[in-house]
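Colleague: I am new to this one. Please show me how to read it.

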Amino acid sequence: MSELHHIGLAGLAAGLRARRFSSVELTEAFLGRIERAQGALNAFISVTREAALAAAAAADRALAAGSGGALEGVPIAHKDLFCTQGVRTTCGSRMLDNFVSPYDATVVAKLKRAGAVMLGKTNMDEFAMGSSNETSYYGAVRNPWDTRLVPGGSSGGSAAAVAARLVPGATATDTGGSIRQPAALCGVTGLKPTYGRVSRFGMVAFASSLDQGGVLTASAADAALMLREMAGFDPNDSTSVEREVPDYVAALDAPLAGLKVGLLKEFFDKGLEPDNERRIREALSVFESLGARLTEVSLPNLPLSVPVYYVVAPAECSSNLARFDGVRYGHRCEQPRDLLDLYRRSRGEGFGAEVKRRIMTGTYVLSAGYYDAYYLKAQRVRQLISADFTRAFAQVDVLMGPTTPTAAFPIGAKTSDPITMYLNDIYTIGANLAGLPGVSIPCGFVGALPVGLQIVGPHFSEARLLGAAHAYQRATDWHTRVPAGYA
Amino acid sequence: MALTREQIESIAALARLELTAEELPVYQASLSSILEFIGALERADTASVTPMAHPLPGLSQRLRPDVVTETDHHAEYQRNAPQTAAGLYLVPKVIE
Amino acid sequence: MSDWETVIGLEIHAQLATRSKIFSGSATAYGAPANSQANLVDLGYPGVLPVLNEAAVRMAVKLGLAINATIAPVSVFARKNYFYPDLPKGYQISQYELPIVAHGALEIVLEDGQVKRVGITRAHLEEDAGKSLHEGLAGVTGVDLNRAGTPLVEIVSEPDLRSAREAVAYMKKVHTLVRYLEICDGNMQEGSFRCDANVSVRKLGAAKFGTRAEIKNLNSFRFVERAINYEVARQIELLEGGGAVVQETRLYDPDKGETRPMRSKEEANDYRYFPDPDLLPVAVDTAFIESVRATLPELPDQKAARFVSQYALPVYDAQVLTASRELADYYEAAVRAAPADPKLAANWVMGELAAALNKESLEIGATRVAAAQLAGLLKRISDQTISGKLAKEVFEAMWSGGADADAVIAERGLKQITDSAAIERVIDEVLSRNPGQLAEYRAGKDKLFGFFVGQAMKASGGKANPAQLNELLRAKLKG
């Protein structure tokens, strides 16, 4: 019983099927872990105990009848950016502190149909804007490996929860690295799918052309199972792609031999901490020993990816967040004097500083006289970066490198200068700009802190990414390490 | 790329964000440094490059059949609304 | 005043007659209880996304074909960003740089019969906003989002119009066209067809346009004409007094008959247009266009031209009869049933029938005299069973009672008298009763002929055949 939290998502699904334990037992066990860890980690904004137990009981009935989905009875958590019907959905913001969503996001509905049991909504950077989970209205999330440090962001809550084994899997979102970067800092597996692979309907929009929903789990095998149930065309999302979802689980064991791996010259730059680099190089040796062939490639426009991102994402978010105006839902200021006062104060009070910063940046770069110089220019450079990736993928199958330049940093260390914070995403942003899938997997430690290896592939190559990650995870055990106190 | 106080005020006005007197210089500084950082884009040679609006090229908008699929849920939806009356969402009086 | 030239461009917003909204599956029916047709997408809830209605695209293409415009093979939706309570997302999804239709034109017929070509710069798809209700609510404004998300096509004319009359003629032409195409019901009271007018003046012969003012939300032909006339006079007075016209948005006050600046438009809005990342480019290929082209009806101009040649009608009649498809169809049905005299049919449709409809504010669809029934009446006029004058009485009876012409004629005994002997008897009676006038007439007072005609007609109960009466009377008067 005490080992339940080590079994992993796929193992739990199988165990439930085999009736080795019940969903109610599992749910109770994980709820207990969540509640005990909440003070130290602050990984959750809402815990839905009663609903979870009711869902678990229903799952047990389905399992007993031999029916149910691939994740029947398996406990998971949803990042609080996903709308969950009848359940508070805050996006980590005071603006939605009182917001109960009347509908389920497509991702939530699909996982529900697959039988997963939601235990709660995880903490996150406000409206997904941040790389450290320090901008949440509900307080910072702490890294279970060292609670003085950040877990990464914006999906810090989901990453910390999986790292501390409070849930075997959690949904998350990635706009500039918000799944992969916290996965690296927390020592878990995080997958951002190809743009359009997973529906964005019900996933509160930050930057519409960059956002993608994905997963955080303890292993690639678990990620494969969860992604398979989440992915697929959604008629409610015009950017959702009509393309069959492969069985990612069945594809896990595809042989690795001959895999052509590109090492991005631009990723092994002076910004990468030497110890981190060592862990990455060691991981690359493992891949070589498994049959991969390494080549150096260059994406010359990639260094401009952070400036591009900080034009495009704020521009889109400045427009996406205009709906938060105190009229139909969300925070409204007290006693508005007139309409203008209603807007200005509701929004001024409801949004935190980073969100306001990005809204204003976005408003500026879209405004008359600046649109061509900033927004259009950025989208042109985006095209160049995308073309660089396409050229690289003509030579290699996947790209590998560090997910982050450093390991987890102290809470408060980078909050004074936004640019320093933004540069945490330097290795991850390119994939979002080009809509490419990417995964981060644990590949060792620097001191006591985990290091993540990133694997990026061409559009719709999730099966290959997961297969490569899985092969690595069969040859190593970094992904099985759990922080002290959560073992 | 240093922004003036007036520019920050006008951006905040466009975005309907109230900024206090203390906040204003803070945003002025951070926005100026962000724009400085973004200025690196000028270096790129993008003559004759098409702006990329969508990350997956060559796709076009799907068309939905013209069918009514929705029913009235306004009572349920208005539970989230700060102020309603007679089915209407209320805001301070607007004079046109 | 006469050395000033007026320059007008119209922006017409026509609500497309789709069943569901442009980006959501909510119903578009008018008049539903507040917010009962506003779903989460229409309400701009967190996380919702737009999906494009195929019928809206077809209707825009149909319009484009009817005005001989270019249909863009790829068009793009853009966000127009501004804050207003009836705009839930804080932006309107519209089209900006790449509209679906561009470079079309319409011909209008001016009062003097002259034909003028009016260019149409573009027509694009966009979503309508909701409605703000100010009356009856103390200190607050109520927002109804039923209308939010209804598809609109915005039709922008070139600044080719040179008078309020031309503007109205153009607006009426567009109104007729969208109804012919069945893409808009044209109901101005319900707001399905709205017009903004951009008005400026300049000295005749000036090369540049003057500064223009935009008058918003004119929802009747009469208001458009009055508002433009007022605005032109206002601008001229301003300029002649040494002032300058401010580029601004104004509203027309129908009670005062004036335009005034809109108070809620503060500093000029910077809409920060950018392509909507939630929607992909709209691709329209040749097959799609041709499938829409196959649904085009005979257009108003084509129909009017055909009426002129097929029915030998004057241009004016053809224009009036083809103002709506329903009216044109009614006319043609009547002529099919009474083919002898299409001009007679035209006169009756434009005259008595139109008057009867107008009196009760009815559209042709609600007529109490069907085309076949009118045809029945027309035949009795053509075959001289009744006189034209009595026919009016018959028509009134048909309108109020619903009976056919023959039934009314029989019941009231209104058949025309064509028996010469009977007419002569009537004439003899009239002459004998009016010996004084008879003497005056024979002495040379020719005008009295009309008097005798009138008396004879009256004596015959209006039924004497006029031509025969005239002939026989003339003969008898000669002595």
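Modeller: Start with the term cavity. On a 1 Å grid over the protein atoms alone, a cavity is a set of points where a 1.4 Å probe fits but cannot get out, and lining residues have an atom within 4 Å of a point. Grid points are joined across faces, edges and corners, and a volume is the space filled by probe spheres set on the points. This is a predicted model, where local features need pLDDT of at least 70, side-chain atom pairs count only at pLDDT 80 or more, and totals for chains, interfaces and linings use all residues. Residues are numbered from 1 along each chain as its sequence is written, chains are lettered from A in the order in which they are written, and side-chain values use heavy atoms, without hydrogens and water.

Colleague: How does the lining of the largest cavity divide by class?

Modeller: Ala, Val, Leu, Ile, Met, Phe, Trp, Tyr, Cys and Pro count as nonpolar; Asp, Glu, Lys and Arg as charged; the others, Gly among them, as polar. Here the lining has eleven nonpolar, six charged and two polar residues.

Colleague: Which residues lie nearest the centre of the second largest cavity?

Modeller: They are A:Ser318, A:Ala322, A:Thr363, C:Phe83 and C:Arg272, out of 13 lining residues. The space is about 80 Å³. Six of the lining residues are nonpolar, five polar and two charged. Helices (H or I, at least four residues) and strands (E, at least two) are DSSP runs, numbered from the N terminus. In chain A, α9 (305-320) and α11 (353-366) each supply at least two residues of this lining.

Colleague: In what order do the three strands of the open sheet in chain C run?

Modeller: Two strands pair if DSSP finds at least two bridges between them. The order is β6-β5-β16, with antiparallel pairing. β6 (91-95) and β16 (274-275) are the edge strands, each pairing on one side only. Two bridges join β5 (residues 77-81) to β16 of chain C. C:Arg79 has C:Phe274 as its bridge partner in β16(C).

Colleague: What packs on that sheet?

Modeller: Contact means heavy atoms within 4.5 Å. Axes are lines fitted to C-alpha atoms, for helices over the stretch in contact, and angles run from 0 to 180 degrees between N-to-C directions. α9(A) packs there, touching β5, β6 and β16 of chain C, and its direction makes about 65° with that of β5(C).

Conventions. 1 Å grid on protein atoms, 1.4 Å probe; cavity = no way out; pocket = protein on both sides within 12 Å on 5 of 7 lines; lining within 4 Å.
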